[in-house]
Amino acid sequence: MARFGLAVDIEKCTGCYSCFLACKDEYVGNDYLPISAAQPPSGHKWIRINEVEHGTGTKVKVDYVPIMCQHCEDAPCILPDNRGAVYRRDDGIVIIDPEKAKGRREIVDACPYRVIFWNQETNLPQKCTLCAPRLDAGEKDVRCAEACPTQALVFGDLDDPASRVSQMLKAKAGKVESFKPEFGAKPVTKYIGLPKPFIAGEVLLSDKQSECLRGAKVTLQVKEEKGTVVTETDCFGDFEFKGLARDTDYMLRVEYEGYLAKELTVRTNASQNVGEIVLTDK
Ligand code: SF4
């Protein structure tokens with residue numbers, strides 16, 4: 001038996017909403033009983049894109065984070081008084097039963113990820129089915145992943161080491177994480193590159209401030225710890241360190257031959273634009 005799951009690569013998501021539209025195309029007005037009743041034409045986002053803006057001034061970035069049912073192993077939507085309304089299939093897909101969940105509005109509030117929507121017409125809680133009806137009909141992919149032009153969404157059998165999703169998770173093993181693990185629901189969906197603080201800035205020379213300084217050495221170190229990361233300013237004189245730990249004090253050191261080095265401490269309570277760092281000659 002396969003164990004199905006999705007991996008979401010935030011670094012590849014452009015926020016194009018192709019996944020959202022594919023989900024609408026598949027489920028709006030289409031019943032797939034007994035697994036899923038039709039999605040209404042408006043009001044439901046079985047997959048939504050959170051737009052996370054960070055940085056300031058000229059160093060602002062937006063990360064797009066697709067959020068859908070995480071098909072949790074310890075799904076909080078399976079309430080103590082469940083009465084068969086929500087169940088987890090052997091392949092790991094969590095399904096809201098369109099018959100047994102009728103009138104059970106409390107199921108909407110049980111999901112900490114806020115991915116269950118109430119259908120006022122049919123009196124039903126509804127959400128992503130991980131395209132279980134398609135898979136049961138022999139299809140190999142889910143509509144959202146199939147529609148994603150950048151392959152930011154990848155679906156497959158997590159227990160098959162040769163599946164695309166397993167290969168992707170293996171290739172990016174150091175960056176794989178769950179979304180909001182603090183909910184304690186053991187989400188099966190995995191994310192790569194969830195938004196984290198960055199430190200960015202620009203380096204100038206005091207006697208050539210109208211010129212972009214390429215090749216200045218910029219070193220980043222967690223304060224009072226060993227281990228550094230080094231980069232160089234690009235052709236615009238800009239530098240950037242991405243994927244940093246939150247609420248951490250970093251030491252930034254900027255050097256360029258013939259000029260006095262500069263050091264500053266930067267705290268990542270958010271992404272930081274340190275602005276212009278001007279080096280003076282020796
Ligand atoms: Fe249930 Fe929400 Fe987890 Fe999906 S994300 S399984 S709806 S608790």
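Is Asp 9 buried or exposed? I looked this up before anything else. Asp 9 has 0% relative accessibility, so I noted it as buried. The model I am reading is a predicted one.

**Entry: salt bridges**

I found 21 salt bridges in the structure. I began with the bridge between Asp 9 and the side chain of Lys 172, where N and O are 2.8 Å apart. Asp 9 belongs to strand S1 (residues 4-9) and Lys 172 to the loop between helix H5 (164-171) and strand S9 (176-177), so the bridge ties together parts 163 residues apart in sequence. I have Lys 172 down as partly exposed, at 24% relative accessibility.

Next I looked up Arg 134, which forms a salt bridge with Glu 26; the closest N and O atoms are 4.0 Å apart. This pair links helix H3 (residues 132-136), which holds Arg 134, to helix H1, which holds Glu 26, across 108 residues. I checked the burial of both partners. Arg 134 counts as buried at 12% relative accessibility, and Glu 26 counts as buried at 8%. I then traced the network of salt bridges that contains them: Asp 25, Glu 26, Arg 134, Glu 139, Arg 143 and Glu 146 are linked in it.

I also logged the salt bridge of Asp 136 with Arg 89, with 2.9 Å between the closest N and O atoms. Asp 136 is in helix H3 and Arg 89 in the loop between strand S4 (86-88) and strand S5 (94-96), 47 residues apart. Asp 136 is partly exposed at 48% relative accessible area, whereas Arg 89 counts as buried at 16%.

**Entry: aromatic rings**

My search of the whole structure gave nine aromatic pairs. One of them is Tyr 27 with Trp 46, a tilted pair with 5.2 Å between centres and 40 degrees between planes. Tyr 27 lies in helix H1 (residues 18-27) and Trp 46 in the loop between H1 and strand S2 (47-56), so the pair ties together parts 19 residues apart in sequence. Tyr 27 is buried at 2% relative accessibility, and Trp 46 is buried with a relative accessible area of 2%.

I noted one aromatic cluster formed by Tyr 113, Phe 179, Phe 183 and Tyr 191. I also saw that the charged end of Lys 61 sits over the ring of Phe 198, 5.5 Å from its centre.

**Entry: ligand**

I listed 14 residues around the ligand, of which Cys 69, Gln 70, Cys 72, Cys 77 and Cys 111 come nearest. I sorted the shell into 11 nonpolar residues, two polar and one charged.

Conventions
Residues are numbered from 1 along each chain as its sequence is written. This is a predicted model: local features need pLDDT of at least 70, side-chain atom pairs count only at pLDDT 80 or more; totals for chains, interfaces and linings use all residues. Side-chain values use heavy atoms; hydrogens and water are left out. Rings of Phe, Tyr and Trp (its six-membered ring) pair if their centres lie within 6.5 Å; planes under 30 degrees apart count as stacked, over 60 as edge-to-face and the rest as tilted. Helices (H or I, at least four residues) and strands (E, at least two) are DSSP runs, numbered from the N terminus. Buried means under 20% relative accessible area, exposed over 50%, partly exposed in between (1.4 Å probe, protein chains only). A charge sits over a ring if NZ of Lys or CZ of Arg is within 6 Å of the ring centre and within 35 degrees of the ring normal. A residue is near a molecule or strand if one of its heavy atoms lies within 4 Å of it. Ala, Val, Leu, Ile, Met, Phe, Trp, Tyr, Cys and Pro count as nonpolar, Asp, Glu, Lys and Arg as charged, and the others, Gly among them, as polar.
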